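I opened the notebook to record what I looked up in this structure, one topic at a time. The entries follow the order in which I checked things.

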Amino acid sequence: MPKKIRLGVLGGGGDSLIGVLHRVASHINDNYQIVGAVFNPDFKANKAFAREIDVPLDRIYEDFDTMIEEEMKLPESERIQVCSVLTPNFLHFPMAKKLLENGFHVICEKPMTTTYEEAKILQKAHNKAGTVFALTHTYTGYPMVRQMREMIKAGAIGKIHKVDARYYQGWINEIIHDKKKRSTVWRLDPKKAGISSCMGDIGVHAFNLIEYTTGLQVKSLLCDFNYLYKDNKMDVDGTVLIRMDDYVKGVIRGSQVATGEENGLAIAIYGSKGAFRWEQENPNFLYKLSDTEPTQVYKPGHAYNSKLSLDGTKLPPGHPEGIFDSMANIYLGAAKAIRGKKYNDGEFPTMNDGVRGMDFIEATVASHKDGNVWVKLKK
Ligand SMILES: NC(=O)c1ccc[n+]([C@@H]2O[C@H](COP(=O)([O-])OP(=O)(O)OC[C@H]3O[C@@H](n4cnc5c(N)ncnc54)[C@H](O)[C@@H]3O)[C@@H](O)[C@H]2O)c1
């Protein structure tokens, strides 16, 4: 049995949303052990949380720079091998860059950076480092999303002509309608979140899911945002028309003010011979639609699924796996890459997905700002 991969964690403290997902996911396939961290910028809170989850305090650092400095003093056989970056958006770039420059593998939350320019700089640093970089677009880890990707690749729905992805949440209603509150959350602060809230936070997942499942690239887009209030600088709702080709078109709909919606990510892909429909809130059902046959429902764990899908299922059919398992599949793919094992390129989103995501976010903002015009994505 190979030794566990030594994992460092940045952000993801007890006060965070996403920390628990990464901690559980990293443990699910028995590949990783957390050996060092800066869970929180407050050293006291950082140590208290480490104590709570039983991570030894000798490698709980006061801040990120100290962590790099001290870890680099350790022999390679003890040093952190891969670091998960789970902080608010504006810290992804400086942290990931320094990690890559010092030879660490990186698992990074989305959006990868706050600008396209930063993303390109990070890409250069990654090319130079030659280490593994995995971007946690969580939803690509679901077995039924992977099944959709493999079946589309094999021609199951023919030539794609229409795509429709929506990501609707309602949680920001509680904040956005209160003048005082809306200046206190980092997701509505351009200095911390970047230039977009809705498209940067969730629209980019929908964008990534479309490119992941279809294997096609969005070439241009036209976006219409809603900011709801004059003093709010960030989009909280947006509709984006997309063109992937002259005859392949679609729409990405994102909202953080879709009242009553929870984590409503859904995708539909229509082709000349059939279509797929999948919803994140019921992730173990993949619907295959047809004009001439009854609708089929694909479910995880059955032998009829692809290897990529089956590799992401741990229990026999009928034992529902969910978001923790989906993220665990991304950690599993990254572990294979870190250990130098063979892996499928659908096992984790990469630096390239991060660059394209930032291109998408900037294009939506530019399109809206210039009067809802068509904007081409860069290569
Ligand atoms: N993949 C997904 O589906 C998904 C879902 C939610 C959030 N996210 C992403 O995860 C990231 C974090 O989001 P969140 O909702 O957990 O945010 P959050 O505000 O709930 O938590 C952020 C954490 O980072 C810590 N932190 C802040 N500054 C730090 C610093 N200088 N050093 C170390 N730790 C620091 C905070 O103490 C906190 O523990 C964001 O980039 C977000 O876009 C991704």
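Below are my entries on a predicted model, from the domains down to single residues.

I began with the domain assignment, which gives domain 1 as residues 5–138 and domain 2 as residues 143–315 + 350–369. The C-alpha centres of these two domains lie 26 Å apart, and the contact between them takes 17 residues from domain 1 and 19 residues from domain 2. I then asked which elements of domain 1 supply at least two residues each to the side that touches domain 2. I found H5 and S5, with H5 giving the largest share of that side, 5 residues. By class, the side of domain 1 that touches domain 2 holds 8 nonpolar, 7 polar and 2 charged residues.

**Helix H5.** Since H5 came up at the contact, I looked at this helix by itself. Its 14 residues, 116–129, should span 20 Å at 1.5 Å a residue, and I noted that the end C-alpha atoms are 20 Å apart, which agrees. Buried in H5 are Tyr-116, Glu-118, Ala-119, Leu-122, Ala-125 and His-126. I recorded that the buried residues of H5 pack against helix H4 (92–101), strand S5 (133–135) and helix H12 (351–369). Just after H5, Gly-130 takes a positive phi of about 70°. Pro-111 lies in the loop between strand S4 (105–108) and H5, and the peptide bond that leads from Lys-110 to Pro-111 is cis, with omega near -15°.

**Helix H12.** H12 has 19 residues and reaches 27 Å from its first C-alpha to its last, close to the 27 Å expected at 1.5 Å a residue. I counted H12 as largely enclosed by the rest of the structure because 16 of its 19 residues are buried. Just after H12, Gly-371 has a positive phi of about 95°.

**His-137.** Is His-137 buried or exposed? I put His-137 down as buried because 24 C-beta neighbours lie inside 10 Å, and the cut-off for buried is 20 or more. His-137 sits in the loop between S5 and helix H6 (143–153). Not counting residues up to four places away in sequence, His-137 touches Lys-110, His-205, Asn-208, Pro-349 and Asp-353. I also took the separation from Trp-374, which is 237 residues away along the chain, and the two C-alpha atoms are 26 Å apart.

**Nonpolar core.** The largest nonpolar core has 101 residues, of which Ala-96, Val-106, Ala-206 and Tyr-331 touch the most other members. Helix H9 (residues 198–214) gives the largest share of this core, 8 residues, and the core draws at least three residues from each of domain 1 and domain 2. I followed up Ala-96, which, leaving aside residues up to four places away in sequence, touches Val-85, Val-106, Cys-108 and Leu-122.

Which residues come nearest to the ligand? Of the 23 residues around the ligand, I listed Gly-11, Gly-13, Ser-16, Leu-17 and Ile-18 as the nearest. The shell around the ligand comprises 10 nonpolar, 9 polar and 4 charged residues.

**Helix H1 and two aspartates.** In H1 (residues 19–28) I found Gly-19, His-22, Arg-23, Ala-25 and Ser-26 buried. The buried residues of H1 pack against strand S1 (5–11), strand S2 (32–38), strand S3 (82–86) and helix H11 (323–338). Asp-30 is exposed, with 11 other C-beta atoms within 10 Å. Asp-54, in the loop between helix H2 (43–52) and helix H3 (64–73), likewise has a positive phi, near 70°, in a residue other than glycine.

**Lys-376.** My last entry concerns Lys-376, which lies in strand S14 (residues 375–376). With 12 C-beta neighbours inside 10 Å, Lys-376 counts as exposed. Leaving aside its neighbours within four places in sequence, Lys-376 is in contact with Lys-219 and Ser-220. Its C-alpha atom is separated by 40 Å from that of Gly-301, which lies 75 residues away along the chain.

Technical notes
Residues numbered from 1 in each chain as written. Predicted model: local features only at pLDDT ≥ 70, side-chain atom pairs only at ≥ 80, totals over all residues. Near = placed C-beta within 6 Å. Nonpolar A, V, L, I, M, F, W, Y, C, P; charged D, E, K, R; others polar. Helix = DSSP H or I, 4+ residues; strand = E, 2+ residues; numbered from the N terminus. Expected span 1.5 Å × (residues − 1). Contact = placed C-beta atoms within 7 Å. Domains from an automatic or database assignment. Core = buried A, V, L, I, M, F, W, Y, C linked by C-beta atoms within 7 Å.
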